[in-house]
Amino acid sequence: MVKLHVNGETRELPDLDPATPLLWVLRDHLGMTGTRFGCGKGLCGACTIHVDGTPTRACITPASVADGKKVTTIEGLEGRVADALRNAWSAGNVPQCGFCQGGQLMSAEHQLRSAPSASKEKRDGAMDGNICRCGTYTRIRKAMDQASADLGGE
Ligand code: FES
Ligand code: FES
C-alpha cells in the first residue's frame with residue numbers, strides 16, 4: 001500500500017508494488033501524463049517532479065520514497081513563482097516541441113523559489129540537468145531572467 005498526496009489530493013494505491021517508479025505511477029496508474037519519459041536513467045530531467053518541494057527524477061524514484069509525502073507535478077505547479085515563469089515562458093515563446101518543458105519548469109520553479117537572489121550563473125547552473133533536444137536553452141535562460149526580474153530578483 002502506497003499513499004501519495006498528489007497535487008493536493010490524497011491517492012491510495014493498495015495494489016501497487018512500492019518499487020514502481022513514480023513516473024509510471026503518475027502516468028499509468030493516475031493518468032497524469034504531463035510528466036514525461038525521456039531517458040529513464042535520471043539523466044535528462046524530462047520526468048522532474050517535486051517530492052516535498054524538492055526536484056526529483058520520477059523515472060528512477062520508487063513510489064515507496066514518496067509514501068505519505070507531497071508530490072507536485074507540472075499539472076499542479078502553482079503559486080507566485082510558477083505564475084511568473086509561465087508568463088515569461090509564454091512571452092518568450094520558449095517551447096519548441098514542448099516535450100522537455102514540464103521538467104524545465106519544475107526545475108526552474110524550485111530554483112527561483114528556493115534561491116530567489118541567486119546570481120544568474122547559479123540560476124543557469126541549476127538548470128544544467130535538464131536537457132532539451134530542440135536546443136531552447138537560450139530562451140529558457142532568458143525567460144528565467146525575466147521571471148526573476150518580475151519577482152523582484154536580479
Ligand atoms: S526520464 Fe527521468 S531523467 Fe530522463
Ligand atoms: S522543446 Fe523540444 S525537447 Fe525541449
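The chain splits into domain 1 (2-76) and domain 2 (80-150), with bounds that come from an automatic or database domain assignment. This is a predicted model, in which local features need pLDDT of at least 70 and side-chain atom pairs count only at pLDDT 80 or more, while totals for chains, interfaces and linings use all residues. Residues are numbered from 1 along each chain as its sequence is written, with chains lettered from A and ligands numbered from 1 in the order in which they are written.

Across the boundary, 12 residues of domain 1 are in contact with 11 residues of domain 2; contact here is when the C-beta atoms of two residues, placed from the backbone, lie within 7 Å. On the domain 1 side that touches domain 2, strand 3 gives the most, with 3 residues.

Strands (E, at least two residues) and helices (H or I, at least four) are DSSP runs numbered from the N terminus, and two strands pair if DSSP finds at least two bridges between them.

Now follow strand 3 (residues 48-51), which runs antiparallel to strand 4 and is joined to strand 4 by 4 bridges. T48 stands opposite R57 in strand 4, and V51 has T54 as its bridge partner. The hairpin of these two strands has 2 residues between them, and there D52 takes a positive phi near 50°. Most residues other than glycine have a negative phi. Another exception turns up at N7, a residue other than glycine with phi near 50°, in the loop between strand 1 (2-6) and strand 2. N7 is partly exposed, with 19 other C-beta atoms within 10 Å; the scale calls a residue buried if 20 or more other C-beta atoms lie within 10 Å of its own, exposed if 12 or fewer, and partly exposed in between, with C-beta atoms placed from the backbone.

Helix 1 (residues 22-29) has L22, L23, V25 and L26 buried.

Leading up to helix 3 is the loop from helix 2 (80-91), where F99 lies. F99 is partly exposed, with 16 other C-beta atoms within 10 Å. Leaving out residues up to four places away in sequence, F99 touches R36 and A46. F99 and R80 are 19 residues apart in sequence, and their C-alpha atoms are 24 Å apart in space. N93 is in the loop between helix 2 and helix 3 too, and has a positive phi of about 45° although it is not a glycine. With 10 C-beta neighbours inside 10 Å, N93 counts as exposed.

Last comes helix 5 (residues 137-150), whose 14 residues reach 20 Å from first C-alpha to last, close to the 20 Å expected at 1.5 Å a residue; the expected span is 1.5 Å times one less than the number of residues. I140, A143, M144, A147 and S148 are its buried residues. Viewed down the axis, the buried residues of helix 5 fall within an arc of 135°, so they line one face of the helix; the arc is that of the directions from the helix axis to the C-beta atoms. An α-helix has 3.6 residues a turn, so residues three or four places apart point the same way. Helix 2, helix 3 and helix 4 (120-125) are among the elements covering the buried residues of helix 5, while the face turned away from the buried side carries the exposed residues T138 and A149. Just after helix 5, G152 has a positive phi of about 95°.
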